[in-house]
Amino acid sequence: MGENAITLSAIEKRFHQKEVIAPLSLEVPTGQLIGLLGPSGCGKTTLIKMIMGMIKPDNGRIQVLDYVVPHKQLLIDIGYMAQSDALYIDLTGAENLHFFAKLYRLSKKERVERVAYAANLVRLTEDLNNKVVNYSGGMKRRLSLAIALIQNPKLLILDEPTVGIDPVLKKEIWQELIRLKEKEHKTILVTTHAMDEAERCDRLAMLRSGQILAQGTPQELKAHYQAQDFDEVFLKAGGAIV
Amino acid sequence: MRIGAIVTRIIQQMMRDKRTLALLFCAPLLVLSLMYFIFNSDESEVTLIVSHGPAQLIEKLEAADFHVIEDDNVTITQLKDNQYDAWLDIQQKQTKLTLLNDDPSAAKALQMKLAQALQPEQASSMTFVTDYVYGDEDTAIFDIFSPMLIGFFVFFFVFLITGIALLKERTSGTLERLLATPIKRSEIVAGYLVGYGLFALVQTIIIVLFGIYVLDIVHVGSIWLVLLINSLVALVSLSLGALLSSFAASEFQMMQFIPLVIVPQVFFSGIFPLDSMVEWLQNIGRIMPLYYAANALNGVMYKGFTFSEILVDLLVLAGFALLFILLNIISLKKYRSL
Ligand SMILES: Nc1ncnc2c1ncn2[C@@H]1O[C@H](COP(=O)(O)OP(=O)(O)O)[C@@H](O)[C@H]1O
Ligand SMILES: [Mg+2]
């Protein structure tokens, strides 16, 4: 694996003539936790779906883990959590996890281990045998995260993973993300519009109207804009362009 | 194994959805029984072959709007092959009427018309015998359209249930999520075909057995052929339902396909007589899967056709299924280009 887990070169995407992603380039270094920060509708999900190969960019080139996207083999190495929970609500949490584990061709033994690990990570072990239809919003979010981790992927791409999760669990999930990065050397790309989460990332890319306004470490960005917190960084960065 | 994962999941989901299971397995039996009680109790040009008929009789018959073909050497096989409605063989001692009887109500009408036309002659001492190519004088209208009805129910309920199940997968995002895993598009389609196909097969077996052993629908041919035809019908309807679900945004829109896709097929599959329709309209049926299904089912159950006689219909049905399956695989490109 090269220095960068993800390399986007001059990516562009339009939906019905409307430019959603202006030509942009971005690099995600291997082994880092990168935050994609931006208000709702700025193009975060579109960008992520292009990285996954689910949307084809109009222009530009995307390389992930030494593969040129789209590439099916690549999907084994990516743990993906969509913005909206895509779960089989008439099945139990365990059945959902086992189903996805089978799609990654895990052996029975591995499957049982990984399901137990992932469920424990998101504190769902006790509810694993309940049907998902009876889960709360936060529980569904956690189950989605567990599914993203099920095959022990090298790269995690998480689209707003902590929306609807209470502050205590949110903190735990971030601790776990940081542990995964540090102890298991995972590369993690997270989108968020919560400014408090921005602090915890190694690097940030600030997106607005499909363009990257600024990128760097949280400290660099704050210093650059002479701001106290990220709300201020965002206001100043946005103001500079508009 | 990925296909197996999808199949297992579908079985888990279906077993938990008791109402859908009931709809799949009980509703067709209910409707079929209702139809049975209602129908166990129209007109077009009739082709009549006359052998050894005197000239004035021919004239009289033509005046009565029969399409008369004079031929002294006719065989039953010719009658079958050319779909001639009846054959009147006039001999010294007796007159023999052979009815094709592929449509009992039409055959009864023909008999009455013929009796009227022949009245003066019958007054003379001539004896009159009637013979049937298909069925007998007791053949009820239900007997000839029930084979098609069986095919129709298999088609309708499988279409509805798989269409809506797949639509749910599309709208809930689970289908898109599935494509974010390394599964092949063809594996997804195969998984759905096998998963829902199993339920469709059970349904088919129940309907066929119920029709034949409980309602006592005539079946001259092999029951295995009936199951084979209906399995193909289920496959066609499964793949068509899955395909059309990508053009529907809600369950209500899926229901809107019923008048568009299902009802026209009912009209053209032969449940209603087509003979009185203009020819180009009759040919529309040929683009519809149920037309071939009805043809084959009617052939096997009512006329006792063998495998080779319905081979063309089976091939066309398999062709439809293959086409829809391929289109399904292609349509999944919407979610992932590979
Ligand atoms: N399939 C689509 N068709 C048309 N417009 C779309 C489509 N997907 C996203 N958009 C538009 O692209 C913009 C960015 O959307 P999105 O990437 O979902 O933003 P974010 O995830 O940052 O909230 C929005 O204005 C949205 O309306
Ligand atoms: Mg989004």
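1. Domain spacing in chain B. In this predicted model, the centres of domain 1 and domain 2 of chain B lie 39 Å apart, taken over C-alpha atoms. The domain assignment places domain 1 of chain B at 46-132 and domain 2 of chain B at 141-334.

2. Contact between the two domains. Six residues of domain 1 of chain B are in contact with five residues of domain 2 of chain B. Together the two domains bury about 430 Å². Carbon and sulfur atoms account for 54% of that area.

3. Where domain 1 of chain B loses area. Which residues of domain 1 of chain B lose the most area to domain 2 of chain B? They are B:Asp102, B:Asp103 and B:Pro104. Together these three make up 68% of what that side buries.

4. The rule finds zero salt bridges between domain 1 and domain 2 of chain B. One residue pair is in polar contact there, with both residues at pLDDT 80 or more. On the domain 1 side, the touching residues divide into one nonpolar, three polar and two charged.

5. The interface of chain A and chain B. Now the contact between chains. Here 29 residues of chain A are in contact with 29 residues of chain B. The two chains bury about 2700 Å² between them. Of this area, 61% is on carbon and sulfur atoms.

6. On reading the areas. The size of an interface is often given as the accessible area lost when the parts come together. By that value, the figure for chain A with chain B is about 2700 Å². For domain 1 with domain 2 of chain B, the figure is about 430 Å².

7. How many salt bridges does the rule find across the interface of chain A and chain B? The rule finds three. In one salt bridge, the side chain of A:Lys49 meets that of B:Glu176, at 3.3 Å from N to O. Seven residue pairs are in polar contact across the interface of chain A and chain B, both residues at pLDDT 80 or more.

8. What chain A brings to chain B. Four helices of chain A each supply at least two residues of the side that touches chain B: α1 (44-52), α2 (74-77), α3 (93-103) and α5 (137-149). The most comes from α3(A), with five residues. By residue type, the side of chain A that touches chain B divides into 17 nonpolar, three polar and nine charged.

Note on methods: Residues numbered from 1 in each chain as written. Chains lettered and ligands numbered in written order. Predicted model: local features only at pLDDT ≥ 70, side-chain atom pairs only at ≥ 80, totals over all residues. Heavy atoms only, no water. Contact = heavy atoms within 4.5 Å. Buried area = accessible area lost by both parts, 1.4 Å probe. Salt bridge = Lys/Arg side-chain N within 4 Å of Asp/Glu carboxyl O. Polar contact = N/O pair within 3.5 Å; in protein donor to acceptor, adjacent residues only side chain to side chain. Nonpolar A, V, L, I, M, F, W, Y, C, P; charged D, E, K, R; others polar. Domains from an automatic or database assignment.
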